[in-house]
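Thank you all for coming. I would like to walk you through one structure this morning, beginning with a single residue and then stepping back to the chains.

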There are 2 protein chains.
Amino acid sequence: MSSAMPEEPRPVRFGIMGCATIARKVARAMLLAPAANVAAVGSRSEEKARAFAADNGLPAGVRLHGSYEGLVDDPDLDAVYIPLPTSLHVKWAAAAAARGKHVLLEKPTALCAADLDAILAACESNRVQFMDSTMWMHHPRTAKMRELVANKGTIGDVRVINTVFSFQADEDFLHNDIRVKPDLDALGALGDVGWYCIRAILWAVDYELPKSVAAFRNPVKNQAGVLLACGATLYWADGKIATFHCSFLTNLTMDITVVGTNGNLHVTDFVIPYEEKSAPFSVASKSSFAELHTGWDPHPSKHVVTTDLPQEALMVQEFSRLVQSVRDAGSKPERNWPAITRKTQIVMDAVKTSIDSESEPVNVAS
Amino acid sequence: MSSAMPEEPRPVRFGIMGCATIARKVARAMLLAPAANVAAVGSRSEEKARAFAADNGLPAGVRLHGSYEGLVDDPDLDAVYIPLPTSLHVKWAAAAAARGKHVLLEKPTALCAADLDAILAACESNRVQFMDSTMWMHHPRTAKMRELVANKGTIGDVRVINTVFSFQADEDFLHNDIRVKPDLDALGALGDVGWYCIRAILWAVDYELPKSVAAFRNPVKNQAGVLLACGATLYWADGKIATFHCSFLTNLTMDITVVGTNGNLHVTDFVIPYEEKSAPFSVASKSSFAELHTGWDPHPSKHVVTTDLPQEALMVQEFSRLVQSVRDAGSKPERNWPAITRKTQIVMDAVKTSIDSESEPVNVAS
């Protein structure tokens, strides 16, 4: 189908920039998402791009570029997905935007908020859509949980949030992964797993920025000074409080606990659900004690949210829908997603500053 | 049965000091525990003691004392259970010990470690058993979880612990309960619900004291300055870290999350299980990702531990067994329980000091 029909817009033609492991998952998502096509792959060598296309079942006509320049210059792309090391994000996200490509950018989106602002400015001035690639935001479970957290009768006022995201990296990762290299992903665990924790906290409070943060003392760093484990406490003006811990050094853990005046919510697989098509969480609301405090009444309720498309395909679909709206209907790019990205990055900056100043409290910029 | 037989020692004769709500639950536990009898109730008036005995189905022969003095002077008691306001603990626990009564003491055991030390010294010099009334310690689930947490193959080295205990107090509680009164329970939420959090953290690390603590900023206090909600971060010399949050102002929440190098443990009803006779928790161990990081492999395992006797009856039973051993076999009082109590109180002291000094880090005494 080569001409756009109003009721069924042309799929968005994606170029994938780089062949990172995570790109395999997102390539599959592009094959699954009805509004997306993989049109090109760009890598530092054409061989790598070809191997990636073959390994991931990309369509026969996919264009292979032996350089990132080649990819961003490809005139038949609507959008690029950028899973490059974070230190390369400013250059390539801005280059893509300058050539009119919409930008789906892996997290952490930048090494600092100033860098992100350069990316967002490039997207804005070129009227292209920006979205970060935080997949769990797009799972229908997330929407369902958001609805319950926002319901004052169910959870009431959120007062406390705890979140943990860790996985135990193997020796190879700890020596060779880009996420432990100061010249590639200088934020280490904070940028990688910590990104999700900070996002989860902001999500739980409907993106109200905290007033200040204080890093946990004694963060773990590798010999190059890259963070392998760290955490922080976040404070809001109204007394809300959140903690997070992120680490490459402990077992896979993906917790969000939200405690409100009237209820609480627990989810223990928030980043990647245990199963691809169904995702659990539990809610306690207006819990009191059974007679003589010998039990709870009522018990918390368990919820399971199912999805046909995996969360990363829903992310690609949502991004593509926004791109179609800009491309085909002349809409302005949607501004909520980049605003959420920026808040996440701003909090991350403050945490990093606190880590670098021996856990002194740091005010969050606005 | 009036004479002791080695294989079936005489039940321990308890006196209950005061008619607090919690005493109803413990009185029931004494009726359920084979090694315990309720022999007497002491209150500020004999009428109250009589009503308590009637309301709680105590045996017809139970002696009623119209004063605490009368109770501690009762020559036919082996032990007293003391659920008085914390400010009265030193006086009455020491008085009971001085009269040779073994002491089962409600938490928080004292307003500060110095006061607790006076109680423990009285128990030691009078060779009576001391135990604090922290019921969940005695649930078989706790032993099962301890076994798994101690198993290096399952959890590995514990690195992070988060715990929350809160309940939403009603207006009557917030105005009238002894736990919000500066002259009765000056530690407020820290002493009441925070006690369990601190104990849970120490339990998770096999009672290794942290090196320092730093309170969360902006604790909530009532007009009299009593804590209604607070929390802290605890730091160990080897980099372990724990956080807790305790509150009278949010929905019932009873979480322990333990994250180790090889696994994690989640329990969400640790203080009082949802149901009296069965208690759940879950463990993830050596978790990795399914292909393309589209799920977990393996999934966490769910466990349920059943018990015929409720945890408070098991507590009374364990205390009674120790008392019998001192009373009938001339054993020295067991020293592990008071040692655990003291560690809990020492950490609580440090948290309180940090709260009182605007969240400055405070070293934990030893």
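Which residues does B:Asn222 touch, not counting residues up to four places away in sequence? Before I answer, please keep in mind that this is a predicted model, in which local features need pLDDT of at least 70, side-chain atom pairs count only at pLDDT 80 or more, and totals for chains, interfaces and linings use all residues. Residues are numbered from 1 along each chain as its sequence is written, chains are lettered from A and ligands numbered from 1 in the order in which they are written, and side-chain values use heavy atoms, with hydrogens and water left out.

The residues that B:Asn222 touches are B:Val180 and B:Leu228, where contact means heavy atoms within 4.5 Å. B:Asn222 itself sits in the loop between strand 9 (220-221) and strand 10 (227-235) of chain B, strands being DSSP runs of E, at least two residues, numbered from the N terminus. B:Asn222 counts as buried because its relative accessibility is 18%, buried meaning under 20% relative accessible area with a 1.4 Å probe and protein chains only. Its side chain reaches two backbone nitrogens, that of B:Ala224 at 3.0 Å and that of B:Val226 at 2.8 Å.

Turning to the chains, chain A can be laid on chain B with an RMSD of 0.0 Å, by a turn of 180° and a shift of 0.0 Å along the axis, the superposition being by least squares on the C-alpha atoms of residues with pLDDT of at least 70 in both. The two copies are therefore related as by a two-fold rotation axis.

Methods. Helix = DSSP H or I, 4+ residues; strand = E, 2+ residues; numbered from the N terminus. Buried < 20%, exposed > 50% of the residue type's maximum accessible area, 1.4 Å probe, protein only. Polar contact = N/O pair within 3.5 Å; in protein donor to acceptor, adjacent residues only side chain to side chain.
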